[in-house]
Amino acid sequence: MTWGLDRATVRFGSRLVLQEVSIAARPGVLTAVVGGDGAGKTTALRALVGLVKPIRGAVRRPADTRVGYLPASSGVYPDLTVDENLAFAGAVRGLDRLEIARRAQPLLERTGLGGVRDRLGGKLSGGMRQKLGVTLAVIHQPDLLVLDEPTTGIDPVSRVDLWRLMTEQAVRGAAVVLATSYLDEAERAAEVAVLDEGRTLASGRPSDVIAAVPGAVLGADRRPDSPHRWRRGTGWRMWSPGGEAASGTSPVSPDLEDAVVVAALARRSEGGT
């Protein structure tokens with residue numbers, strides 16, 4: 001069974017925040033939803049778990065008890081200890097005390113939280129709090145795991161731990177959907193969905209999204225004289241829709257970050273259609 005959004009449209013008051021967005025969530029597959037601020041990532045994930053109701057389109061998901069969700073706030077109760085957070089999350093999902101303890105132990109060991117089980121959630125570091133949040137979301141081994149920017153603002157070691165935990169859930173057979181602003185991370189995903197201003201710009205395997213870049217991506221040391229330019233590290237990138245080179249530029253092999261920028265530029269060049 002494939003879960004996900006099918007041409008979902010969401011309106012907040014007079015503002016359309018999602019317009020016919022489709023995101024597939026396949027069992028055993030990790031899908032990354034990427035886009036800048038205001039792209040609609042959080043709204044799409046909230047629609048997927050049932051917290052936002054689309055005015056049009058369809059949402060397919062398992063029963064609520066088979067969904068795991070990590071909001072952007074981490075979902076950790078600051079006045080409960082690590083063990084108490086896990087006990088509460090497990091009980092809400094129908095697990096008894098012995099089953100919670102059995103499942104929690106290996107999760108705490110893999111995330112490095114085994115030594116802080118008595119620490120209050122509010123006293124955890126940012127990385128520890130995020131790892132606990134993911135642990136809370138997976139304690140009941142959900143069929144659909146949805147994570148809103150789980151690695152934002154945390155250290156590289158914690159990011160590796162979280163990716164290992166998320167990948168394990170996909171290997172177990174869960175459909176995993178996560179929003180991320182880190183495009184280097186998104187390239188690790190089996191599939192990506194690129195959102196911009198509430199619309200789907202591109203979707204599929206990262207390699208396919210990159211291969212579909214139209215025209216040419218050019219690199220330059222100095223700012224090119226083109227409206228289709230953007231900063232990249234210490235240099236510049238430029239998109240040439242027709243593939244022609246420009247003075248002071250040279251062709252580069254695009255990566256996912258370049259592909260996302262080009263997709264947004266192409267949409268705006270077409271008048272936002």
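Which residues of α5 are buried? Hello everyone, let me start there. The buried ones are S158, R159, D161, L162, W163, L165, M166, Q169 and A170. Before we go on, please keep in mind that this is a predicted model.

So what covers those buried residues of α5? The cover includes the strands β3 (30-34), β6 (144-148) and β7 (175-180). It also includes the helices α3 (97-111), α4 and α6 (183-186).

α5 runs over residues 156-172, which makes 17 residues. At 1.5 Å a residue they should span 24 Å, and the end C-alpha atoms are 24 Å apart, so the two values agree.

Now pick out L30 on your screens. Leaving aside residues up to four places away in sequence, L30 touches W163, M166, T167, A170, V176, L178, A189, A190 and E191.

The largest one has 51 residues, and L30, L86, L132, L147 and L256 have the most contacts inside it. Which helix gives the largest share of this core? That is α8, residues 256-269, with 6 residues. Apart from this core lies another, of 25 residues, and V52, A175, V177 and L195 are among them.

Let's stay with α8 for a moment. Is this helix mostly covered or mostly uncovered? Mostly covered: 10 of its 14 residues are buried. They are L256, D258, A259, V260, V262, A263, A264, L265, A266 and R267. With 14 residues at 1.5 Å each, α8 should span 20 Å, and because its end C-alpha atoms are 20 Å apart, expectation and model agree.

Next, the pockets. Rolling a probe the size of a water molecule over the atoms shows where empty space is left. The largest pocket has a volume of about 310 Å³. It is lined by 15 residues, and Y69, G75, A89, R93 and L136 lie nearest its centre. Two or more lining residues come from each of β5 (67-70), α2 (82-92) and α4 (126-138). α2 gives the most, with 4 residues. By class, this lining divides into 8 nonpolar, 6 polar and 1 charged.

The second largest pocket has a volume of about 230 Å³. Of the 13 residues that line it, G35, G36, L183, V260 and V261 are the closest to its centre. Here α8 comes back: both β8 (191-196) and α8 supply at least two lining residues, and the largest share, 4 residues, is from α8. This lining has 7 nonpolar, 4 polar and 2 charged residues.

One last stop, at P251. You will find P251 in strand β13, residues 249-251. Is P251 buried or exposed? Its relative accessibility is 64%, and exposed means over 50%, so P251 counts as exposed. Leaving aside neighbours within four places in sequence, P251 is in contact with V217 and L218. As for R237, this residue is 14 residues from P251 in sequence, and their C-alpha atoms are 9.5 Å apart in space.

Notes: Residues numbered from 1 in each chain as written. Predicted model: local features only at pLDDT ≥ 70, side-chain atom pairs only at ≥ 80, totals over all residues. Heavy atoms only, no water. Core = buried A, V, L, I, M, F, W, Y, C linked by side-chain atoms within 4.5 Å. Buried < 20%, exposed > 50% of the residue type's maximum accessible area, 1.4 Å probe, protein only. Contact = heavy atoms within 4.5 Å. 1 Å grid on protein atoms, 1.4 Å probe; cavity = no way out; pocket = protein on both sides within 12 Å on 5 of 7 lines; lining within 4 Å. Points joined across faces, edges and corners; volume = space filled by probe spheres on them. Nonpolar A, V, L, I, M, F, W, Y, C, P; charged D, E, K, R; others polar. Expected span 1.5 Å × (residues − 1).
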